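Reader: Hello! I would like a close look at how charged side chains pair up here, and at the parts around them. Please give the cut-offs as you go.

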Amino acid sequence: MNRYRKHLKIQQSEVTNLGLYNLYKKIRKKADVNIYEMNLSKNNNTIVTTPGKIELRFCPELSWESIARTLSIISEIDNNAHHEITVEMKYDEIERYEKEGYVLVSYGKIEGDRYRVIFEIPFSRTSALKKFALSIYNSKQHEVKDVVWNGGNKRISTLYEELNKFNWKIDKLQLMGEKDIRIEFTESKQTKKEIDKIIEKKIT
């Protein structure tokens, strides 16, 4: 086993009370690491976040309010976040998408009057974000969407703090740097341990 790999288990309630960024700063005092990946869940929906990408896995049963709120929170944290889609359509339909806030990236003719069109959905445009949310809500499929963003320790922590207000829970956190630190968050009601003692015992 890699001697630099560390595994911690921390109760959900403790990180909720402390705040994810404060937990990260406590660990950062012991090891030069950055947040590499964060896993959140709510019912059967999951969000996997890295500094460069947010992967949204939404079930068909997720409400319109939850979808729209999640996208809006991402937008507020990073206004430059965006998602890219490829659509097959008639040429004269392209303008309608642009009027709704989508940004045309490229297009190519398939056959007849059909084109393969690539759009960027900028989270900075309310109309585009609303259309994107509606497309997810109206789909009967298990939706997996990749959002490109400029994350980082503070922004990833803020994403957790904001989504936690609406009952999203953190399941796992991976920190990478001079050590590989993997944290599992549990609902266990076992004997309470102070976070400082867990960090001191497991990381140093």
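Author: **Salt bridges and their surroundings**

Of the contacts (heavy atoms within 4.5 Å) in the protein chain with a separation of 6 or more, 71% are between residues 24 or more positions apart. Please bear in mind that this is a predicted model, in which local features need pLDDT of at least 70 and side-chain atom pairs pLDDT 80 or more, while totals for chains, interfaces and linings use all residues. Residues are numbered from 1 along each chain as its sequence is written, and side-chain values use heavy atoms, leaving out hydrogens and water.

The C-alpha atoms fill a box of roughly 65 × 30 × 30 Å along the principal axes. Of the 204 residues, 43% are buried, where buried means under 20% relative accessible area, exposed over 50% and partly exposed in between, for a 1.4 Å probe and protein chains only.

Now to your charge pairs. Side chains of opposite charge can pair when their charged atoms come close. The count here is 10 salt bridges, each a side-chain nitrogen of Lys or Arg within 4 Å of a carboxyl oxygen of Asp or Glu. One of them joins Lys 131 to Glu 100, with 2.9 Å between the closest N and O atoms. Lys 131 sits in helix H5 (residues 126-138) and Glu 100 in the loop between helix H4 (94-99) and strand S6 (103-111), so this pair ties together parts 31 residues apart in sequence. Glu 100 itself is partly exposed, at 28% relative accessibility.

Glu 143 and Lys 145 meet at 3.1 Å, N to O, and both residues are buried. Lys 165 and Glu 162 form a salt bridge at 3.2 Å, N to O; here Lys 165 is exposed, with a relative accessible area of 56%, and Glu 162 is partly exposed at 25%.

Asn 167 lies in the loop between helix H6 (153-164) and strand S9. Asn 167 has a positive phi of about 75 degrees although it is not a glycine, and it is exposed at 52% relative accessibility. Asn 43, in the loop between S2 and strand S3 (45-49), also has a positive phi, near 55 degrees, and is exposed at 70%.

Charged residues turn up again in the second largest pocket, whose lining has 3 nonpolar, 3 polar and 5 charged residues. Among the lining residues are Lys 9, Glu 37, Lys 172, Arg 182 and Glu 184, along with His 7 and Asn 39. Strands S1 (5-11), S2 (33-42), S9 (169-177) and S10 (180-186) each supply at least two residues of this lining.

For a contrast in topic, look at helix H2 (residues 20-28), where Leu 20, Leu 23, Tyr 24 and Ile 27 are buried. They cover an arc of only 100 degrees around the axis, which puts them on the same side of H2; the arc is taken from the directions from the helix axis to the C-beta atoms.

Terms used. Helices (H or I, at least four residues) and strands (E, at least two) are DSSP runs, numbered from the N terminus. On a 1 Å grid over the protein atoms alone, a cavity is a set of points where a 1.4 Å probe fits but cannot get out, and a pocket is an open set with protein on both sides within 12 Å along at least five of seven lines; lining residues have an atom within 4 Å of a point. Ala, Val, Leu, Ile, Met, Phe, Trp, Tyr, Cys and Pro count as nonpolar, Asp, Glu, Lys and Arg as charged, and the others, Gly among them, as polar.
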